[in-house]
Structures are given as C-alpha cells and as structure tokens.
Amino acid sequence: GYISRIRMIESISRYFLSWLNTWQEEGFKPIHERWVQKLEKKVKFNYLNDRSEFIGLDENGLGLFKKNGKHFGVSLNEIDITK
C-alpha cells in the first residue's frame, strides 16, 4: 500500500533512534551480534588491490579480513566493494 513520505521518514527515524539508544546504553556488542547474523559469509573484497575474505566485525566495528592465512582489521570505509 501507499505510505506517505512523512510516515516513511518517521519510521526510519524511530528505527535509527532505537539502534542509537541501544548503542548508548549497551555499547557496540549487541549491535555487532545482530548485524553479524545478517552478513553473507565468504565474501571477497578488494583492499589495497588485493582480494581478501571478509570474516566479520570486531568489537569496535572494524572489518576483519583474512588474506593468505593472516587476519587483519580495516575500517569499512576503506574497502572497495565495487569490484
């Protein structure tokens, strides 16, 4: 059915504020656990022109990757997911 723009923005705002409240009250851990469940496993990404396997997120929100048996963390805004 039809949803007005105002109702859509209200809904998105409530959803965002509930997650923000969770983060402020309980820290990043519950958000991490919830979002990691939704991640697709065995995804390949380019980082510094290298293919790396995405493992998950650490407790601070950094992306955890594996390349040639070595694990490393990278800020997700540094990852190129277009290739």
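Which residue in β4 stands opposite Gly-63? In this predicted model, the residue opposite Gly-63 is Val-74 of β4. The two strands concerned are β3, which covers residues 63-67, and β4, which covers residues 70-74. Their pairing is antiparallel and runs over five bridges. Together β3 and β4 form a hairpin, with two residues between the strands. Asn-68 lies in the turn of this hairpin and has a positive phi of about 55°.

The secondary structure of the chain consists of two helices and four strands. In sequence order these elements follow the pattern α-α-β-β-β-β. When contacts between residues at least 6 apart in sequence are considered, 23% join residues at least 24 apart.

Several side-chain features involve helix α1, which spans residues 5-26. The structure holds one salt bridge. This salt bridge is formed by Glu-10 and Arg-7, with 3.1 Å between the closest N and O atoms. Both residues lie in helix α1, where Glu-10 and Arg-7 are three residues apart, or about one turn of the helix. Glu-10 has a relative accessible area of 30% and is therefore partly exposed. Arg-7 counts as exposed, because its relative accessibility is 54%, and the cut-off for this class is over 50%.

A nonpolar patch is also present on the surface, formed by Ile-3, Met-8 and Ile-12. The accessible area of these residues together is about 290 Å². Ile-12 is located in helix α1. With a relative accessibility of 51%, Ile-12 is classed as exposed.

Aromatic side chains were examined for ring pairing, and the count comes to three aromatic pairs. One of the pairs is formed by Tyr-15 and Trp-19, with an edge-to-face arrangement. The ring centres of Tyr-15 and Trp-19 are 6.3 Å apart, and the angle between the planes is 75°. Because Tyr-15 and Trp-19 are four residues apart in helix α1, about one helical turn separates them. As for accessibility, Tyr-15 is partly exposed, at 48% relative accessibility. Trp-19, at 16% relative accessibility, counts as buried, because the buried class takes values under 20%.

Another aromatic pair is made by Phe-65 and Phe-72. The ring centres of Phe-65 and Phe-72 lie 6.0 Å apart and the planes meet at 20°, so this pair is stacked. The stacked class requires planes under 30 degrees apart. Phe-65 has a relative accessible area of 1% and is therefore buried. Phe-72 has a relative accessibility of 25%, so this residue counts as partly exposed.

Note on methods. Residues are numbered from 1 along each chain as its sequence is written. This is a predicted model: local features need pLDDT of at least 70, side-chain atom pairs count only at pLDDT 80 or more; totals for chains, interfaces and linings use all residues. Side-chain values use heavy atoms; hydrogens and water are left out. Patches are made of residues with over 30% relative accessible area and no salt bridge: like charges are joined within 9 Å, nonpolar side chains (Val, Leu, Ile, Met, Phe, Trp, Tyr) within 5 Å. Accessible areas come from the Shrake-Rupley method with a 1.4 Å probe; for residues, only the protein chains shown count as cover. A salt bridge is a side-chain nitrogen of Lys or Arg within 4 Å of a carboxyl oxygen of Asp or Glu. Buried means under 20% relative accessible area, exposed over 50%, partly exposed in between (1.4 Å probe, protein chains only). Rings of Phe, Tyr and Trp (its six-membered ring) pair if their centres lie within 6.5 Å; planes under 30 degrees apart count as stacked, over 60 as edge-to-face and the rest as tilted. Contact means heavy atoms within 4.5 Å. Two strands pair if DSSP finds at least two bridges between them.
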